[in-house]
Amino acid sequence: MDELMTKTKAWMAMALVASLVVAACGEDNDMDQPPADPGAEQMAPGAQQQEMDPEMMEMMAEMQEIQQRLAPIQQEAMEDEALASQVEDLQNRIETAMRTEAPELFEQMEQFESEFMAAQEAGDQERAQEIGMEAQQVEMELQAVQQNVLADPEIEESIEAFEMAQRERMMEIDPEAGELIDRMQEIQAQFQM
């Protein structure tokens, strides 16, 4: 399988799993949303840190520390067959809903795949790069479709059920996981204010 389609399929699967796993640990479910300030992403990391007050920087550091502590617990929890099955079911339902809502985007990605393979076989790296750039635009449109699908009440309910099951499993692995998740949610709430 070529790099473009592998990347796209991996992106879709990882975006879903990441949003589910991170959401279960208190991250904002809108992680794929663009920043409120369109220029924020273009700001140099150093410039952004200079504008952030010391209290916010301290909370960011605490959140990173919590994420590092939770990561191995999350990883172990996701080895649970029931949780893995829930994620797989969610991925299938979300992809099916996305394909129903925007079949043309999936057709475009399939077209990009064949064009990309042809360009690679011909040794035309410039065309392959152009196709990659065009595919990025379609990926952004797919992200918007994904957000719509994730807002579906039935999907939301399934995600919440997964999050609860994952939290319970994480707490079985490490009883402190619940407190860590709660603290991360508190920090998230402060950032949103």
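**Figure 1. The buried side of helix α5.** In this predicted model, Leu105, Phe106, Met109, Phe112, Phe116 and Ala119 of α5 are buried (buried means under 20% relative accessible area, exposed over 50% and partly exposed in between, with a 1.4 Å probe and protein chains only). They sit on the same side of α5 because they cover an arc of only 140° around the axis, the arc being that of the directions from the helix axis to the C-beta atoms. An α-helix has 3.6 residues a turn, so residues three or four places apart point the same way. Just after α5, Gly123 takes a positive phi of about 75°.

**Figure 2. How α5 packs on α6.** Helix α6 covers residues 125–150, and its axis lies 10 Å from that of α5, at a packing angle of about 165°. Axes here are lines fitted to C-alpha atoms, for helices over the stretch in contact, and angles run from 0 to 180 degrees between N-to-C directions. That angle makes α5 roughly antiparallel to α6 (under 35 degrees counts as roughly parallel, over 145 as roughly antiparallel, 65 to 115 as roughly perpendicular and the rest as oblique). The crossing of α5 past α6 is left-handed, i.e. the near helix is turned anticlockwise from the far one by less than a right angle; clockwise would be right-handed. On the α5 side, the contact includes Phe106, Met109, Phe112 and Phe116, and on the α6 side Ile131, Val138, Leu142 and Val145 are among the partners (contact means heavy atoms within 4.5 Å).

**Figure 3. Glu141 of α6.** Glu141 is found in helix α6 and takes part in the contact with α5. It is partly exposed, with a relative accessible area of 34%.

Figure 4. Helix α4 (residues 81–101) has 21 residues and spans 30 Å from first C-alpha to last, close to the 30 Å expected at 1.5 Å a residue. Its buried residues are Leu83, Val87, Leu90, Ile94 and Met98. Viewed down the axis, these fall within an arc of 65°, so they line one face of α4. Glu81, Ala82 and Thr100 are exposed on the other side. Look too for Ser158, in helix α7 (residues 153–173): setting aside neighbours within four places in sequence, Ser158 is in contact with Leu90 and Arg93. Between Ser158 and Val87, 71 residues apart along the chain, the C-alpha separation is 9.6 Å.

**Figure 5. α3 against α8.** The axes of α3 (residues 54–77) and α8 (residues 177–192) come within 10 Å and cross at roughly 145°. This crossing is left-handed. Met59, Met63, Ile66 and Leu70 are among the α3 residues in the contact, and Leu180, Met184, Ile187 and Phe191 are among those from α8.

**Notes for all views.** Helices (H or I, at least four residues) and strands (E, at least two) are DSSP runs, numbered from the N terminus, and the protein chain has eight helices and zero strands. Residues are numbered from 1 along each chain as its sequence is written, and side-chain values use heavy atoms, leaving out hydrogens and water. Local features need pLDDT of at least 70 and side-chain atom pairs count only at pLDDT 80 or more, while totals for chains, interfaces and linings use all residues.

Notes. Expected span 1.5 Å × (residues − 1).
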